[in-house]
Structures are given as C-alpha cells and as structure tokens.
Amino acid sequence: MLLIKNWKKILPIIGIVLFFYILIKLDLVNIINEIKKANILFLLLALIFLIVMLLVQTYKWFVIARLQNIKIPFKEAFKINLITNYYGLITPSKIGVVVRAKYLKKYTKNIGKGLFNFTIDKVLDISSVIFLTILFSFVFKDKLNLPITFFTALFFLFILATLFFMKKERSKWFLRFFYHRLSKSYKNKAKTTLDSFYENIPKKRYFILFFILNIISWIFIYLIYYFIGLSVGINLGFLYYLAILPISSLVSLIPISINGLGTREAALISLFGLFNIGAVKVFSMSIIDFFIVGIIPAIIAISLILRK
C-alpha cells in the first residue's frame with residue numbers, strides 16, 4: 001500500500017538502480033580502464049561537435065520564438081538553452097526543460113508564449129526521433145524485429161495531435177472539463193495563459209523547417225556519440241549509430257529514471273550487442289557522453305544560474 005502511495009517518488013529511482021546494477025556487473029575497474037584508454041583526439045572532436053550541437057539546439061527553438069514575435073537575442077537564448085538543459089538533466093524525461101517558459105516570460109507579457117515554444121519544440125523533438133527510428137530500422141534486418149507499425153502510428157499520432165491543437169477553439173473544447181473545475185481566480189489565469197499560448201503562433205508551413213532543424217540537432221547529438229564510440233574502440237559506421245541511438249533516446253524518455261540514466265545504458269548495451277560490441281565499451285561510451293554532453297554544459301549552466 002505504501003509503495004502504491006509513493007510510486008511517483010519510487011519510479012525515477014528504478015533507472016538509477018539499474019545503472020548501478022550494470023556498473024557492478026561489468027566491474028567498475030574495467031570501466032575505468034576502458035575510459036583511461038580513450039583516444040583524446042576523438043574526444044576533442046566530440047567537444048567541438050558539442051558546441052555545434054548546442055548552437056543548433058538553441059537555434060531550433062530560437063527560430064520558433066522569433067516567429068512568435070518574442071524578441072530575444074540569440075546570446076540570451078543560448079544561455080537559456082544551457083540553463084534549461086541543466087534542469088532537463090536532473091529530471092525524469094527531461095521535463096525540467098519546461099523552465100524555458102519562465103525565462104522567456106521576461107520577453108513576453110505572459111508565460112503562455114513560452115509554454116507554446118516549449119511544447120511545440122518538445123513535440124517535434126520526439127517526433128523527429130521516432131522518424132529517425134523508422135527511417136534507419138532497416139539496419140536491424142534479420143537481427144531485431146522492431147515494431148515499425150507501432151512507431152509509424154505513433155509518428156502520425158503526433159502529427160495529427162499537433163494539427164488538432166493548433167486551433168485554440170479545439171483546445172478550449174478539449175480542456176473545458178478541467179477548466180470548469182478551477183476556482184474563479186485560476187480560471188482567469190488559465191484564460192490569460194491560453195490566449196497568450198496561441199498568440200502569434202507560427203504558420204503551419206514553417207513546421208517543416210522546425211522538424212528539419214530537430215532532425216539536424218539529433219544528428220549532431222549522435223555525431224558526438226559516434227566520436228566517443230571511436231575513442232573507446234567501437235568501430236561501427238555512423239549509419240549504425242543512426243539506427244541504434246534513436247531507439248535508446250526513446251527508451252530514455254520513459255519516466256523511470258533521471259535523464260534516462262540506467263535505461264539508456266541497458267538499451268545501448270542490448271542494441272550494440274547485436275553487432276558484437278562488448279558491454280564494457282558501450283557502457284564506457286555512455287559514461288563519457290554523459291560527462292561531455294551533460295556535466296560540462298551543466299557546470300556552465302549552474303554558474304549562469306548563480307549570476308542571475
């Protein structure tokens with residue numbers, strides 16, 4: 001009974017327990033030795049692509065913000081991106097990134113515009129990963145029976161849901177059940193936020209651009225993984241990474257861990273194992289990636305938060 005009552009607190013711990021289970025099973029000494037042998041040149045290339053990735057990652061939602069008539073300088077957007085990535089790092093499913101809306105409020109009259117910016121960016125982010133999963137699924141031919149029909153249906157569901165909620169009237173109809181249960185003061189706030197949410201939303205024709213930018217962003221994220229993989233001696237072509245990593249990205253979104261820790265490693269070990277890559281090398285690659293893509297930007301983000 002107590003477990004059921006506290007399931008929200010217990011759920012994010014599952015991935016962390018899984019992470020340490022894998023770490024103990026593979027032996028920490030083996031992991032450390034593998035990391036020590038990593039090729040510095042490839043790690044430097046990964047760091048260069050980290051900078052490019054962060055710029056592209058910022059630009060993809062910065063373009064949406066500009067079309068929303070949110071007049072934010074790119075330099076400020078880049079700082080906000082670092083800060084929100086930090087909050088994403090320490091929350092299940094990276095949901096902490098939603099704080100972007102709070103930071104964008106400085107440039108808008110209400111938080112609604114920032115919430116739209118976050119929501120549409122997140123939806124396209126997940127949609128683009130699903131698309132990549134479908135696109136490169138042929139790599140697993142004769143090795144893994146992926147549920148492509150399910151992924152395809154999910155992809156189109158995201159598209160249809162986006163088109164449905166693009167109209168404010170439809171959202172009002174959908175949300176009316178929750179709206180009528182709010183107090184009068186909260187009803188006024190909800191109405192103002194919803195009106196702001198739909199203010200200056202970009203035209204549908206721009207959504208193809210947003211989608212392409214999300215694809216490019218993911219490719220740079222996977223290029224970082226690729227160079228880290230090369231550094232620890234994983235000599236698979238980039239095509240294999242484009243097939244494996246989108247699946248692990250989707251698995252890491254399951255809210256049973258902090259930033260996919262544990263679940264991501266389990267998925268990567270299983271998928272790379274199909275191509276005869278050792279678990280120690282895969283786990284070491286994931287640890288290095290977490291440090292480069294997660295910890296380094298997080299340190300910068302914390303310094304920016306403390307300055308504000």
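Is asparagine 69 buried, partly exposed or exposed? Asparagine 69 is partly exposed, at 42% relative accessible area (buried means under 20%, exposed over 50% and partly exposed in between, with a 1.4 Å probe and protein chains only). Keep in mind that this is a predicted model, where local features need pLDDT of at least 70, side-chain atom pairs count only at pLDDT 80 or more, and totals for chains, interfaces and linings use all residues. Residues are numbered from 1 along each chain as its sequence is written, and side-chain values use heavy atoms, with hydrogens and water left out.

**Two asparagines in loops**
- Asparagine 69 sits in the loop between helix 5 (40–67) and helix 6 (helices are DSSP runs of H or I with at least four residues, numbered from the N terminus).
- Its phi is positive, about 65 degrees, although asparagine 69 is not a glycine.
- Most residues other than glycine have a negative phi.
- Asparagine 276, in the loop between helix 14 and helix 15, also has a positive phi of about 65 degrees.
- Asparagine 276 is exposed, with a relative accessible area of 74%.

**Helix 14 and its surroundings**
- Helix 14 (residues 263–273) is largely enclosed by the rest of the structure, because eight of its 11 residues are buried.
- Those buried residues, among them Thr263, Arg264 and Leu268, pack against helix 3 (13–26), helix 12 (207–231), helix 13 (238–252) and helix 15 (contact means heavy atoms within 4.5 Å).
- Glutamate 265 belongs to helix 14 and is buried at 2% relative accessible area.
- Setting aside neighbours within four places in sequence, glutamate 265 is in contact with Phe19, Ile22, Gly260, Phe283 and Ser286.

**The nonpolar core**
- The largest nonpolar core has 85 residues, and Ile234, Tyr241, Phe272 and Met285 touch the most other members (such a core is a set of buried Ala, Val, Leu, Ile, Met, Phe, Trp, Tyr and Cys residues joined through side-chain atoms within 4.5 Å).
- Helix 12 gives the most to this core, with 16 residues.
- Phenylalanine 272 touches Ile234, Leu236, Tyr241, Ile244, Ile277, Val282 and Met285, not counting residues up to four places away in sequence.

**Aromatic rings**
- There are 19 aromatic pairs in the structure (rings of Phe, Tyr and Trp, the last by its six-membered ring, pair if their centres lie within 6.5 Å; planes under 30 degrees apart count as stacked, over 60 as edge-to-face and the rest as tilted).
- One of them joins phenylalanine 131 and phenylalanine 155, a tilted pair at 5.8 Å centre to centre with 40 degrees between the planes.
- Phenylalanine 131 is in helix 8 (residues 112–135) and phenylalanine 155 in helix 9 (residues 148–165), so the pair ties together parts that are 24 residues apart in sequence.
- Phenylalanine 131 counts as partly exposed at 29%, while phenylalanine 155 is buried at 12%.
- Phe272 turns up again in an aromatic cluster with Phe49, Phe220, Tyr226, Phe227, Phe238 and Tyr241.

**Helix 6 against helix 15**
- Helix 6 (residues 74–89) and helix 15 (residues 279–307) pack at about 115 degrees, with their axes 8 Å apart (axes are lines fitted to C-alpha atoms over the stretch in contact, and angles run from 0 to 180 degrees between N-to-C directions).
- Residues making this contact include Leu82 and Tyr86 of helix 6 and Phe290 and Ile302 of helix 15.
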